Amino acid sequence: MMRPSDQRLPHPRTGDLFTSPVHPGDGWPGDPATRRTAVADTPAQVSALAEAAGTLRQVDACISVCRACPRLVQWREDVAVTKRKSYADQPYWGRPAPGFGAPRPRILIVGLAPAANGANRTGRVFTGDRSGDFLFGSLYRSGLANQPTATDSADGLELVDARVAAAVRCAPPGNAPTPAERSTCAPWLDAEWRLTGPHVRVLVALGGFAWQAALAMVRRAGGSAGTPAPKFGHAATADLQTPHGQVTLLGCYHPSQQNTFTGRLTPAMMDGLFATALALSG
């Protein structure tokens, strides 16, 4: 395992100096954790801390220091030290990426996992890569974000009535978390749903895995999706019953470069999907 670097480099916006990975409590913009935040080292500890969290801030803090999946910890920290050449002069967050957005969202957007040189670098989910540019550009055009760009965690981005989360919080090798890693991370999403679910009217799943993760999340919380299970597709919808009332699950192709460069997902397609989400959310 590569050892984290003690070299301090300037944050690209604030100029403050940070190690890679960033230490909790060092002042990284948007860091929800402190040096006293409890760290989950095992799946059982993830479950216990997720269940005990009473606020989104507490959930986000515990997510951001989680170390329960050794393979993912090693990968995210190795990437934070080796870095992409174009970002070699920047510090890397190198920790799990918590959710981001409105505390009482009507729309909850679920993705797969952070990108190794995107959120793993910036500390904010879907920030600092082309997938994020595509997503937040559409959210801005739809009135769900105050600006079309997401470059770093101090850029002023805010979401309106929407929140973005990931089913897995650490950047995985090959963008492919294992079933065990997915299962270990699931309680964090459950806690986020427990705290936002009373307000959410629409779940947007970015890709097939996020669709399955959203269905499982709702079921674990006492909801139901009917039989047979709804199938993923772009603009596919499913009515889910939850303890807080009916919620619509809305499918969207993931804004990966593979999808956006080939035209499988276009800006008009994503804008239309968020127009539907807004209409369904009331």
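How many disulfides does the count come to?

Tutor: This is a predicted model, in which local features need pLDDT of at least 70 and side-chain atom pairs count only at pLDDT 80 or more, while totals for chains, interfaces and linings use all residues. Residues are numbered from 1 along each chain as its sequence is written, and side-chain values use heavy atoms, with hydrogens and water left out.

The count comes to 0 disulfides, a disulfide being a pair of cysteine sulfur atoms within 2.5 Å. For Cys62, the closest cysteine sulfur is that of Cys66, at 8.9 Å, which is too far for a bond. Cys62 counts as buried at 10% relative accessibility, as does Cys252 at 0%; buried means under 20% relative accessible area, with a 1.4 Å probe and protein chains only.

The largest cavity has a volume of about 100 Å³, and of the 17 residues that line it, the closest to its centre are Cys66, Cys69, Cys170, Cys185 and Trp188. By class, this lining has 12 nonpolar, 1 polar and 4 charged residues.

The second largest cavity, with a volume of about 40 Å³, has a lining that includes His11, Trp28, Arg121 and Asp152, and its residues divide into 3 nonpolar, 4 polar and 2 charged. In these classes, Cys, Trp and Pro are among the nonpolar residues, Asp, Glu, Lys and Arg count as charged, and Gly is among the polar ones.

Notes
Buried < 20%, exposed > 50% of the residue type's maximum accessible area, 1.4 Å probe, protein only. 1 Å grid on protein atoms, 1.4 Å probe; cavity = no way out; pocket = protein on both sides within 12 Å on 5 of 7 lines; lining within 4 Å. Points joined across faces, edges and corners; volume = space filled by probe spheres on them.
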